[in-house]
Amino acid sequence: MDTPSDKRLFAMGLISALTGFIVWRVFGTDYGGGLILFIAIAVFAVLMFADGYKQTA
């Protein structure tokens, strides 16, 4: 499997960061920063998996 291009990697990071920011704005700090960070990392992992699946298919 090839690594994603810089533009794709940047887009995936930006999407996961924006998702984390939106979750933080919606839920506030009620759940702490750890959960918000976990959600952002999970979104990034799903995007990386989908990109790898798309490249191999």
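Contact, as the word is used here, means that heavy atoms lie within 4.5 Å. With that in mind, serine 16 touches Ala40, Val43 and Phe44, when residues up to four places away in sequence are not counted. The model is a predicted one, in which local features need pLDDT of at least 70 and side-chain atom pairs count only at pLDDT 80 or more, while totals for chains, interfaces and linings use all residues. Residues are numbered from 1 along each chain as its sequence is written, and side-chain values use heavy atoms, with hydrogens and water left out.

**The chain as a whole**

- The protein chain contains two helices and zero strands, where helices (H or I, at least four residues) and strands (E, at least two) are DSSP runs, numbered from the N terminus.
- The radius of gyration, taken over C-alpha atoms, is 13 Å for the protein chain, well over the 10 Å that the globule rule gives for 57 residues, so the chain is more spread out than a compact globule; the globule rule is 2.2 Å times the number of residues to the power 0.38.
- Taken along the principal axes, the box that the C-alpha atoms of the protein chain fill is roughly 40 × 15 × 15 Å.
- Of the 57 residues of the protein chain, 16% count as buried, a word that means under 20% relative accessible area, whereas exposed means over 50% and partly exposed means in between (1.4 Å probe, protein chains only).
- The accessible surface of the protein chain comes to about 4500 Å², and 72% of that surface belongs to carbon and sulfur atoms; such areas come from the Shrake-Rupley method with a 1.4 Å probe, and for residues only the protein chains shown count as cover.

**Helix 1**

- Helix 1 (residues 6-27) has 22 residues, which should span 32 Å at 1.5 Å a residue, and its end C-alpha atoms are 31 Å apart, which agrees; the expected span is 1.5 Å times one less than the number of residues.
- Met12, Ser16, Gly20 and Val23 are the buried residues of helix 1. They cover an arc of only 70 degrees around the axis, which puts them on the same side of helix 1, the arc being that of the directions from the helix axis to the C-beta atoms.
- On the other side of helix 1, the residues Asp6, Lys7, Phe10, Ile22, Arg25 and Val26 are exposed.
- Helix 2 (32-56) is included in what covers the buried residues of helix 1.
- Serine 16, which has its place in helix 1, is buried with a relative accessible area of 8%.
- Threonine 19 also lies in helix 1 and counts as partly exposed at 24% relative accessibility; leaving aside neighbours within four places in sequence, threonine 19 is in contact with Ile39 and Val43.

**The loop between the helices**

- Glycine 28 has its place in the loop between helix 1 and helix 2, and there, just after helix 1, glycine 28 takes a positive phi of about 70 degrees.
- With a relative accessible area of 23%, glycine 28 is partly exposed, and apart from neighbours within four places in sequence it is in contact with Val23 and Ile36.

**Helix 2**

- The 25 residues of helix 2 reach 37 Å from the first C-alpha to the last, close to the 36 Å expected at 1.5 Å a residue.
- Ile36, Ala40, Asp51 and Gly52 are the buried residues of helix 2, and what covers them includes helix 1.

**Aromatic pairs**

- The structure holds two aromatic pairs, counted where rings of Phe, Tyr and Trp (its six-membered ring) have centres within 6.5 Å; planes under 30 degrees apart count as stacked, over 60 as edge-to-face and the rest as tilted.
- Phenylalanine 21 and tryptophan 24 form a tilted pair, with 5.7 Å centre to centre and 40 degrees between the planes. Both of these residues lie in helix 1, three residues apart, about one turn of the helix.
- Phenylalanine 21 is partly exposed, with a relative accessible area of 45%, and tryptophan 24 is likewise partly exposed, with a relative accessible area of 34%.
- Phenylalanine 49 and tyrosine 53 form a stacked pair, with 6.3 Å centre to centre and 20 degrees between the planes. Because they are four residues apart in helix 2, phenylalanine 49 and tyrosine 53 are separated by about one helical turn, and both are exposed.
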